[in-house]
Amino acid sequence: MWKNVLYLHELGLRKNALGFGVLRAITGLKAGISDVSSYDFPFNPIYFFKANSRNFNIQSKQAPAGRYVYREVFVMHTQIKNRFLFYTFTLFLCLNSFFLMNAAAQSDIASVSDNYTFETIDVPDVDFLALTASSDFEDYAGYTKSADGEKDVAFTLIDSVFMTYDFPGSQNTYFFALGNNGNAAGHYQDSEGLFHGVVLENGELREYNFPDSVETEIYGISDATGALTGNFTDASGVRRGFSGDEIIEYPGATETYADFVNSSGGMVGSYVDADGLYHPYIRTPNGRFVSLDIPQAAALEYFFVHGINDARTVVARTKRVDSLPGTLVGTFQEGLQIFQVPGSVSTEGYNINQDGSIVGYYDSADGRRHGFIARLATETDMEPAATPSVFNYTFESINVPGVDFLAVTASSDFEDYAGYAKSAGSVKEVAFTLIDGVFTTYDFPDSQKTHFYALGNDGRAAGHYEDSNGLYHGVVLEDGELRQYDFPDAVETEIYGISDATGALTGNFIDASGVRRGFSGDEIIEAPGAPETYADFVNASGRLVGSYVDAEGVYHPYVRNPNDRFISIELPQPEKFEYFFVHGINDVGVFVGRTKQAGDVPRTSVGSFQHGLQELRFPGSISTEGWNINQDGSVVGHYESADGRIHGFIARPADAAMSDLFDNAYTVTLSKGLNMISLPLASPTPMTAKNLVALTGATTVITLDTANQQFVAWTPSAPDDGFAIEGGQGYIVNVPQARNFAFVGAPWTDPTDEAAAAPTITPLIRGDRGVAQAAWAFVVSGHLVGKPAFEGYKVVVRNLRTNSVVTASVQGDYFAAATADLTRRSIVQVGDVVEVRVIGPDGNFEAQTLTFKVTPEHLANAVLSVRLDSIGQPTQNLLLQNYPNPFNPETWIPYQLSEDSLVSVSIYDTTGQLVRTLPLGFQSAGFYFSASRRVNPNPPNPSFFVSDNLLILSV
């Protein structure tokens, strides 16, 4: 039988659902429930309740020694692992339905309280403890009642020592901020009812008034800078915010409140519009305001955002007319939810610490006021996703050899790319994919041009094409085939996004009346009152980004939340923008957009609405257009170099030191024809011959293999990426047109390996119209056909005019025989005849000797490309010229067979008389050119030899 009283208040325990309970025990009493063993409590325990059918488990948790903890403690434990991850604080995302704060409506609104454990913070014999601030070390500040109960006085509770502070001559004194260094701040009310800032330093109070203010209220202290944040009222009665010595004023607002600045410089607060309605805002470090419209704002007496930590979790206080104050906690991306101390009459949260704990006060049913700290209790297996506060990158160019126009507009998370390029001959624009290094173009039949703007992780691509009438239609690439997609009842359709989560297409369409609207899947997206709405991309959480055009033709970037609420961003001097499009946002809230002001080049903006936007520019570029952002934060798009070429790029997130190291640009000018260059900067990733050819727009690159004293070449038809491009080495490149572009990377650190760009080199001999007639470097390259493999094969190239010979090994079926004269003397000229032979691994010639004539086009490219067919498979029987001829004492007779057969060789003299018949027996098809395989007509007997006469031979 229980001898002592135990009060149990049930707070919404539900079967198979999250529940919590409250126990009030009396100090020194033994308590137990059901068959749970009894416990001796030196002071009140903390109980955990978990609702699971009808089984309730109870555990005890002792509060830290020395801490003033009230004897009634609230704790909740969740049954289900709930990943309450505080994602990006980007001020363009949903507010859910948190504005219904009255108790009657709360049953229909999500509460975040279930994710916290609560501890009451109280002081013995103090019935009114309005806790409004805390440090990250769980020290507290706020205000309480004076000993006589006649006024409010400030307090601190540091290291469990409770101290009160009353500014001399004040009616009331309040603290609303507490730094990690123990300094506190707030304001006091003077005898005339006016407020003045007050700061506690070294145990002493001092007054602080913002310059020229009539009233000053302080709500924040920056641990990073020590700056005070709050608001002031000037002589004209206008209320403005301040932070340090900077005035904060929301454009057009009648009142501006500033509350807190986090370490990255993002400020939270609220402003009041001309109708007296409250709007929460973020002011980014670059001074841009982003505000939110609150549903049923007219029903609110106030709405204040008081705190934000570096993980972008916020705490806000709000109050509806004729209702009690309430608290909201969460992020503006994932939404704000009701936050309430279990069993409280009202809860007012004021501060959030870096560990996510919430601090404030609540009123209990007996009329007392208690401080509280709420700690995240839900287990998580992931760290909170973080939106970076600064945006630093390293840059890499994306190019395809032989393609001078590569507009990359989309990417997958696996670094595959899509976009549009110029067709052969630069006649039209065609879509492309670059997947696993394979470049493929797509041209919708009968289109004027075809573009891709989206690429899924599954390899699907999408975009639109322009028909013969100039109208756009959506196009989707699936399983290698293009299909047309038009939004229902649309005259024109443009696709810009593919959802990896749902597969839905996102873009915009124009109906028969000429109105442009966005779409995502089968849903129409239309910004209220906008004559044009563009939709671009939907992230995994359902946030859609795009832009709309207002009635005055001004662009406004927006986010549409999953609850269909549009949040737009007001741009400074928006009338100057020809356009502003937000193209992509990843799951942690970093976005990329393209902008252009009148008379300017296109530019790219990257950032978040908490930390602001910054320009992203590929170093050394004329213009940069970013189109997509991946989950790892890398930005993808294209840029224009000084020579007018369009290159793709990927910008990878990096720390400031790495970004600064690799952010150097070295402009290189190459003249038409052959040039000798070296790598002026170290690239963030290793560079290959393929990279260099693609970046420079070269037709080939040649290097000297010093170990073998042999020139090695790479051309775009090679099956691999070629040799490594290293610092301190010289390379010969041939460009068909003059080039002006930038190498991007880090300076060389090893003085022995420093590489400065060598001067460009002009071909020595030119024709009447600038056409080169000779060259000091040349490559003969091509492919072998006729056998499944060519391991051990070699190609021998001989210039018949100069009799110079170059030998190249065959890799796969590809070869490149290079030669050069580093003194820049001519080695090949127009009209030269080049002889090409193929030698097998046994030294036998495997193809008929072919000859090619060097043309002006070959010389312009510094490459003669050939295709050597029927390797090892002659198309006809053929007896070739004996060698040597004249001969003495012997000669060799090469021949070839198109099929397996019996072979004999007959030798005739000049009179037609048979000199000798050589039966060779059954021979397989092939070339019999080598010394080991061709015919030697001399017998073993050295006394006999064929005379030095003209022979008539037959097989």
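## Ground rules

Strands here are DSSP runs of E at least two residues long, and helices are runs of H or I of at least four residues, both numbered from the N terminus. By that scheme, Glu625 sits in strand β51. This is a predicted model, where local features need pLDDT of at least 70 and side-chain atom pairs count only at pLDDT 80 or more, while totals for chains, interfaces and linings use all residues. Residues are numbered from 1 along each chain as its sequence is written, and side-chain values use heavy atoms, with hydrogens and water left out.

Let's start with Glu625. Is Glu625 buried or exposed? Glu625 counts as buried because its relative accessible area is 15%, and buried means under 20% (exposed is over 50%, partly exposed is in between, with a 1.4 Å probe and protein chains only).

Leaving out residues up to four places away in sequence, Glu625 touches Tyr579, Arg594, Pro602, Thr604, Gly637, His638 and Phe649; contact here is heavy atoms within 4.5 Å. With Arg594 there is also a side-chain polar contact of 2.6 Å. That term covers a pair of N or O atoms within 3.5 Å; within protein, one must be able to donate a hydrogen and the other to accept it, and residues adjacent in sequence count only if both atoms are side-chain atoms.

In general, strands of a sheet pair through backbone hydrogen bonds, either parallel or antiparallel. β51 and β52 make a hairpin with 5 residues between them, and Gly633 in the turn has a positive phi of about 90 degrees.

The β52-β53 hairpin has 5 residues between its strands, and Gly644 in the turn has a positive phi of about 90 degrees. How many of the 6 residues in strand β52 (residues 635-640) are buried? The count is 5, so β52 is mostly covered, buried being under 20% relative accessible area.

## An open four-stranded sheet

Elsewhere, 4 strands form an open sheet in the order β6-β29-β28-β27, with antiparallel pairing. The edge strands are β6 (116-121) and β27 (346-352), and each pairs on one side only. Neighbouring strands of this sheet are turned by 30 degrees against each other on average, direction ignored. For that angle, axes are lines fitted to C-alpha atoms (for helices, over the stretch in contact), and angles run from 0 to 180 degrees between N-to-C directions.

Within the sheet, 6 bridges join β28 (residues 358-363) to β29 (residues 369-376), and the two run antiparallel. Tyr361 has Gly371 as its bridge partner in β29.

## Salt bridges

The structure holds 40 salt bridges, each being a side-chain nitrogen of Lys or Arg within 4 Å of a carboxyl oxygen of Asp or Glu. One of them joins Arg239 and Glu217 at 3.8 Å, N to O. This pair links distant parts of the chain, with Arg239 in strand β17 (residues 239-243) and Glu217 in strand β15 (residues 213-221), 22 residues apart. Both Arg239 and Glu217 are buried.

Glu523 and Arg560 also meet in a salt bridge, at 2.8 Å, N to O. Glu523 is in strand β42 (residues 523-525) and Arg560 in strand β45 (residues 555-560), 37 residues apart, so here too distant parts of the chain are linked. Glu523 is partly exposed at 31% relative accessible area, whereas Arg560 counts as buried at 9%. As for networks, salt bridges that share partners join Asp458, Arg460, Glu478 and Arg483 into one. In the Glu478-Arg483 bridge, the closest N and O atoms are 2.8 Å apart. Glu478 counts as partly exposed at 27% relative accessibility, and so does Arg483 at 35%.

## Val668

Last stop: Val668, in strand β54 (residues 664-670). Val668 is buried, with a relative accessible area of 5%. Not counting residues up to four places away in sequence, Val668 touches Arg739, Asn740, Phe741 and Phe743. Val668 and Thr696 are 28 residues apart in sequence and 9.2 Å apart in space, C-alpha to C-alpha.

Note on methods
Pairing = 2+ DSSP bridges.
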